[in-house]
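Please look over the sequence and the model shown here before reading on.

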Amino acid sequence: MTIGFVVNDITTEKPGYTTIFLAQRMHNKGHVVYLMGVGDLAYYPDGYMGADAIQADPKHKYKSPATYLEALQGEKANRVRVTAPDLDVLMLRNDPSAEGEGRAWAQNAGIIFGQLALRHGTIVLNDPTKLSDAVNKMYFQHFPEAVRPRTLITRDKEEIKQFYNEQKNNIILKPLQGSGGSGVFMVKKNDATNLNQIVEAISRDGYVIAQEYLPQASEGDTRLFVMNGEALQHKGKYCAIRRVNSKDDIRSNMHAGGSAQAAKVDQKMLDLVELVKPKLIQDGMFLVGLDIVGDKLMEINVFSPGALPDASEMEGVDFSEPVIEALERKVHYKKTYGVQINNKTVAMI
């Protein structure tokens with residue numbers, strides 16, 4: 001199997017990232033693995049989408065994701081021009097909301113070039129025709145009301161004040177676009193001193209999400225991986241971690257200083273998976289991360305869900321194995337059926 005991973009920028013990848021974990025494991029199993037940043041993508045005169053990609057030494061097996069990444073980022077890494085027909089699978093693992101100032105061009109690049117790759121029979125995951133709907137948190141509102149906290153999305157300060165007054169508890173304010181806990185604030189009940197300033201600060205860059213605060217969130221949240229519409233399991237263990245807030249911080253995101261602990265996946269969490277499953281299948285969302293507090297979802301990460309290596313370490317099983325097996329199975333189906341089955345179908349079988 002030949003697979004390409006699209007990331008934001010190869011130079012900013014880290015050994016603990018899920019993408020590097022998967023790529024290293026696949027490389028060691030003998031698959032041909034390429035990594036490419038969104039800035040490496042191109043459309044060539046011969047009509048093919050492709051990239052100036054990087055490949056680690058195919059003759060060498062790497063002991064860890066860290067040594068594998070060193071090879072990718074080192075001077076001896078192989079620079080290879082690859083095109084869509086060369087790839088069995090193209091995995092879009094770049095996060096549009098993580099692009100910094102001056103890189104607005106990069107936010108939709110993976111999606112756009114991924115859509116071009118579909119024309120040549122490449123399996124593109126997650127499905128790029130639906131990823132375009134998920135470039136901001138509005139995508140979350142397409143899932144059943146039963147799984148979501150009560151939410152208002154607006155730029156109107158007065159509407160947010162009214163929403164705040166209607167709540168029995170604190171509220172959370174955050175930007176419609178963004179990830180990693182960036183720009184997330186809690187306004188406490190009976191203390192709206194900074195409400196106006198927070199709304200003004202967030203609304204400078206777009207819409208504001210006002211959301212009911214779930215008291216259980218003070219204890220952190222659970223990141224649960226879902227693959228092919230099912231909670232990801234391997235050897236009787238669920239692929240999940242509990243993310244605990246750092247002291248005096250409401251955010252449990254790992255990038256915001258949260259810490260990882262072993263998670264206990266209960267029936268409430270599995271019931272949430274069942275509720276979101278039809279939409280995930282419909283949209284061709286092969287691998288996603290659910291962020292769960294109590295019996296509600298806080299977020300669905302469909303671009304680059306992290307913590308697969310953390311869950312593997314805590315549970316004592318390698319969760320890359322079922323993911324790689326699923327990819328191998330999809331390639332087999334695609335080669336067997338060709339154009340008779342579309343990308344969304346292949347993504348979820």
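In helix H1, the residues Thr18, Thr19, Ile20, Phe21, Leu22, Ala23, Gln24, Met26 and His27 are buried, where buried means under 20% relative accessible area, exposed means over 50%, and partly exposed lies in between (1.4 Å probe, protein chains only). Helices (H or I, at least four residues) and strands (E, at least two) are DSSP runs, numbered from the N terminus. H1 covers residues 18-28, and because nine of its eleven residues are buried, H1 is largely enclosed by the rest of the structure. The cover over these buried residues includes strand S1 (2-7), S2, helix H2 (65-73), S12, helix H8 (308-315) and helix H9 (320-337). After H1 comes Gly30, with a positive phi near 100°.

Some conventions apply throughout. The model is a predicted one, in which local features need pLDDT of at least 70 and side-chain atom pairs count only at pLDDT 80 or more, while totals for chains, interfaces and linings use all residues. Residues are numbered from 1 along each chain as its sequence is written, and side-chain values use heavy atoms, with hydrogens and water left out.

Consider next the protein chain as a whole. The chain contains ten helices and 19 strands. Its radius of gyration is 20 Å, close to the 20 Å that the globule rule gives for 349 residues, so the chain is as compact as a globular protein of that length. The radius of gyration is taken over C-alpha atoms, and the globule rule is 2.2 Å times the number of residues to the power 0.38. Along the principal axes, the C-alpha atoms fill a box of roughly 65 × 45 × 45 Å. Of the 349 residues, 53% are buried. A contact is defined by heavy atoms within 4.5 Å; among contacts between residues at least 6 apart in sequence, 70% join residues at least 24 apart.

The chain is also divided into domains, with bounds that come from an automatic or database domain assignment. This assignment gives domain 1 (2-125), domain 2 (150-213) and domain 3 (216-336). The C-alpha centres of domain 2 and domain 3 are 26 Å apart.

What lies in the interior? In soluble globular proteins, nonpolar side chains tend to be buried together. A nonpolar core is a set of buried Ala, Val, Leu, Ile, Met, Phe, Trp, Tyr and Cys residues joined through side-chain atoms within 4.5 Å. The largest such core here has 45 residues, and those with the most contacts inside it are Met36, Leu90, Leu290, Leu297, Ile300 and Val302. Among the elements that each supply at least two residues of this core are strand S2 (32-37), strand S6 (89-92), strand S12 (221-227) and helix H7 (267-283). The largest share, six residues, comes from H7. Domain 1 and domain 3 each give at least three residues to this core. Leu90 has contacts, leaving aside its neighbours within four places in sequence, with residues including Val6, Met36, Met49, Ala117, Ile123 and Leu125. Apart from this core lies another, of 44 residues, among them Val7, Leu69, Leu232 and Ile341.

S8 pairs with strand S11 (residues 208-212) in the antiparallel sense over four bridges; two strands pair if DSSP finds at least two bridges between them. Opposite Thr154 stands Val208 in S11.

Several loops deserve attention as well. Gln167 lies between helix H5 (157-166) and strand S9 (171-175). Gln167 is buried, with a relative accessible area of 9%, and touches Arg150, Lys189 and Glu212, not counting residues up to four places away in sequence. Leu125 and Asn126 are joined by a cis peptide bond, with omega about -10°; Asn126 is in the loop between strand S7 (123-125) and helix H4 (128-131).

Is Asn190 buried or exposed? Asn190 is exposed, with a relative accessible area of 75%, in the loop between strand S10 (185-187) and helix H6 (195-203). Its phi is near 70°, a positive value in a residue other than glycine. Ala307, in the loop between S19 and H8, likewise has a positive phi, near 95°. Ala307 is buried, with a relative accessible area of 10%.
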